[in-house]
Amino acid sequence: MAEIRDDALLLRRVPFSDTSLICHFLSKEHGRITLMARGARRPKSSFRASLEPLYALQISWKPGRTGMGTLVDVQRGRCLLEPSLSLHGLELLAITSRLFQEGDPHGFDETGQALALLAERGEQQGLCAAVWYLLDVAGWLGNLSHCWHCDADAQQMMYWRQAQLLCESCGDNGRNGSKGMRVSAGLRKSIEAVLAGGNVRLHAADAACWRDMIRQALQEHGIKATDSFKV
Ligand SMILES: [Zn+2]
């Protein structure tokens with residue numbers, strides 16, 4: 001079968017046998033794919049230097065007749081994040097890896113956009129913006145201007161329960177009479193402004209609240225929150 005070439009991001013490398021790696025990529029035109037990199041763990045393999053996460057990669061592979069395809073070549077392009085942000089970048093890829101599964105046609109552009117948000121905004125705010133954006137494109141979040149349960153326009157104070165934004169009356173139906181976490185109009189406005197690229201200074205309490213909202217959203221969908229979202 002003919003070789004295929006595409007732009008890609010490396011999501012995960014899993015050792016296979018003594019010498020090979022199974023690599024999970026998000027590719028631009030072919031979505032999420034898994035490829036065998038034969039011999040990639042040998043000291044002299046040309047794959048060793050190029051199979052890195054957080055770089056723009058161009059990969060070539062031969063599709064498998066039945067199962068997994070075989071990686072043929074990897075060209076490493078530019079690094080997508082400054083070194084000081086690479087740990088956050090890896091956190092982002094771990095979340096991406098759970099959001100876009102094998103065969104999913106999406107993910108490459110979305111992850112690129114999330115990494116760009118992180119690169120622009122830096123550190124904590126950038127990571128929150130990037131993860132929020134990914135959860136949104138994955139369809140897990142709604143618009144912050146109304147209650148996600150009854151669709152009523154958002155009031156001054158809203159509540160975050162089981163990763164849903166709720167109005168006061170919908171919030172009242174919580175277990176143990178608890179409404180969930182308070183989400184002020186100010187924070188909702190700030191989140192929208194950050195995602196739109198605005199230069200927003202979040203109060204420490206608002207920043208902590210946003211982190212907690214994300215942590216709960218990840219948890220609600222069975223994704224282990226990374227250290228950055230622990231409270
Ligand atoms: Zn409601």
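I count two strands as paired if DSSP finds at least two bridges between them. Strands (E, at least two residues) and helices (H or I, at least four) are DSSP runs, numbered from the N terminus.

I worked on a predicted model, where local features need pLDDT of at least 70, side-chain atom pairs count only at pLDDT 80 or more, and totals for chains, interfaces and linings use all residues. Residues are numbered from 1 along each chain as its sequence is written, and side-chain values use heavy atoms, with hydrogens and water left out.

**Entry 1: the β4–β5 pair.** I looked up β4 and β5 and found them antiparallel, joined by 7 bridges. K62 is opposite T70 in β5. A hairpin through 6 residues connects β4 to β5.

**Entry 2: the other side of β5.** I noted that β5 (residues 69–79) also pairs with β3, in the parallel sense and over 2 bridges. Here M36 is the residue opposite T70.

**Entry 3: the whole sheet.** I traced the strand order as β1-β2-β3-β5-β4, a closed barrel of 5 strands with mixed pairing. On average, neighbouring strands are turned by 45 degrees against each other, direction ignored. For angles I use lines fitted to C-alpha atoms as axes, for helices over the stretch in contact, and angles run from 0 to 180 degrees between N-to-C directions.

**Entry 4: β1 and β4.** I found β1 (residues 4–16) antiparallel to β4 (residues 55–62), with 5 bridges between them. A8 has L57 in β4 as its bridge partner.

**Entry 5: helices on the sheet.** I took contact as heavy atoms within 4.5 Å. Helix α2 (residues 86–99) packs on the sheet and touches β1, β2 (20–27) and β3 (31–37). The direction of α2 makes about 100 degrees with that of β1. Helix α3 (residues 108–121) also packs on the sheet, touching β1 and β2, with its direction at about 80 degrees to that of β1.

**Entry 6: α3 against α4.** I then looked at α3 and helix α4 (residues 123–137), which pack at about 160 degrees with axes 7 Å apart. From α3 the contact includes L117, L118 and R121, and from α4 it includes Y133, L134 and V137. By class, I list 9 nonpolar, 4 polar and 3 charged residues in this contact. Ala, Val, Leu, Ile, Met, Phe, Trp, Tyr, Cys and Pro count as nonpolar, Asp, Glu, Lys and Arg as charged, and the others, Gly among them, as polar.
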